[in-house]
Amino acid sequence: MKRDYPLRVYLDNCCYNRILDDRSYSPIYYERNSIMLILELAEKSAIQIVGSEMLVREINDTNNVYKRTVLQMMYELCSEEVKINAFILDRAEEIKHSSNIQYKDSIHLACAETLKADVLLTTDRKFMNNSNRIKTYTNVMNPNQWLLEVLY
């Protein structure tokens with residue numbers, strides 16, 4: 001079934017940072033390449049990247065000026081951004097208390113759900129595994145896995 005609108009993708013902070021990680025370890029290398037392809041798909045409007053105030057805060061907290069600048073440039077591909085509000089914080093608490101998900105990650109998931117993202121992409125295996133054990137409104141996947149499903 002063909003969609004009339006592009007897929008909505010929320011990248012968590014570790015995905016943005018993966019671009020700048022050491023590529024000598026093959027899993028990191030493949031995740032980096034997947035994220036680069038995802039960013040390229042967004043540039044071509046084949047998908048829509050959505051973000052949050054939480055991501056902006058994490059990017060702005062990056063100490064290294066070069067790294068922060070690169071992260072900010074990538075984040076500019078976001079076509080929509082949600083501000084943190086009481087509803088998101090309540091949903092984040094609900095997610096946190098029904099799982100082993102860390103609080104910041106639960107906020108990312110609540111933001112992705114609020115934005116009606118089709119998927120939240122993360123390279124954090126623990127976050128992904130814990131998310132898949134609870135009821136969520138947004139799928140949480142690794143970028144490699146998601147690309148394989150979407151492209152093939």
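**Figure 1. Arg-18 and its salt bridge to Asp-21.** In this predicted model, Arg-18 is buried, with a relative accessible area of 12%. Its side chain meets that of Asp-21 in a salt bridge, 2.6 Å from N to O. Asp-21 counts as partly exposed, because its relative accessibility is 23% and buried means under 20%.

**Figure 2. Glu-31 and Arg-125, a salt bridge between two helices.** The side chains of Glu-31 and Arg-125 meet with an N to O distance of 3.0 Å. This pair links distant parts of the chain. Glu-31 lies in helix α2, and Arg-125 lies in helix α7 (residues 125-131). The two residues are 94 residues apart. Glu-31 is buried, at a relative accessible area of 2%. Arg-125 is partly exposed, at 42%. Through shared partners, salt bridges join Arg-18, Asp-21, Glu-31 and Arg-125 into one network.

**Figure 3. Glu-80 and Arg-8, a salt bridge between two strands.** Glu-80 forms a salt bridge with Arg-8, and the closest N and O atoms are 2.8 Å apart. Glu-80 sits in strand β3 (residues 78-82) and Arg-8 in strand β1. They are 72 residues apart, so the pair links distant parts of the chain. Glu-80 counts as partly exposed at 35% relative accessibility. Arg-8 counts as buried at 14%.

**Figure 4. Ser-79 and its contacts.** Ser-79 is found in strand β3. The residue is partly exposed, with a relative accessible area of 46%. Leaving aside residues up to four places away in sequence, Ser-79 touches Gln-48 and Ile-49. With Gln-48 there is a polar contact, side chain to side chain, at 2.9 Å. Ser-26 lies elsewhere: from Ser-79 it is 53 residues away in sequence and 31 Å away in space, C-alpha to C-alpha.

**Figure 5. The buried side of helix α8.** In α8, Pro-143, Trp-146 and Leu-147 are buried. They share one side of the helix, because they cover an arc of only 100 degrees around the axis. The buried residues of α8 pack against several elements. The helices among them are α1 (13-18) and α2 (26-43). The strands are β1 (7-11), β2 (47-52), β4 (119-121) and β5 (139-141). At the start of α8, a side-chain oxygen of Asn-142 reaches to within 2.8 Å of the backbone nitrogen of Asn-144.

Figure 6. The face of α8 turned away from its buried side carries the exposed residues Leu-148 and Glu-149. Leu-148 also belongs to a nonpolar surface patch of about 520 Å². Helix α8 (residues 143-151) gives the largest share of the patch, three residues. Val-150 has its place in α8. This valine is partly exposed, with a relative accessible area of 35%.

Conventions: Residues are numbered from 1 along each chain as its sequence is written. This is a predicted model: local features need pLDDT of at least 70, side-chain atom pairs count only at pLDDT 80 or more; totals for chains, interfaces and linings use all residues. Side-chain values use heavy atoms; hydrogens and water are left out. Patches are made of residues with over 30% relative accessible area and no salt bridge: like charges are joined within 9 Å, nonpolar side chains (Val, Leu, Ile, Met, Phe, Trp, Tyr) within 5 Å. Accessible areas come from the Shrake-Rupley method with a 1.4 Å probe; for residues, only the protein chains shown count as cover. A salt bridge is a side-chain nitrogen of Lys or Arg within 4 Å of a carboxyl oxygen of Asp or Glu. Helices (H or I, at least four residues) and strands (E, at least two) are DSSP runs, numbered from the N terminus. Buried means under 20% relative accessible area, exposed over 50%, partly exposed in between (1.4 Å probe, protein chains only). The arc is that of the directions from the helix axis to the C-beta atoms. Contact means heavy atoms within 4.5 Å. A polar contact is a pair of N or O atoms within 3.5 Å; within protein, one must be able to donate a hydrogen and the other to accept it, and residues adjacent in sequence count only if both atoms are side-chain atoms.
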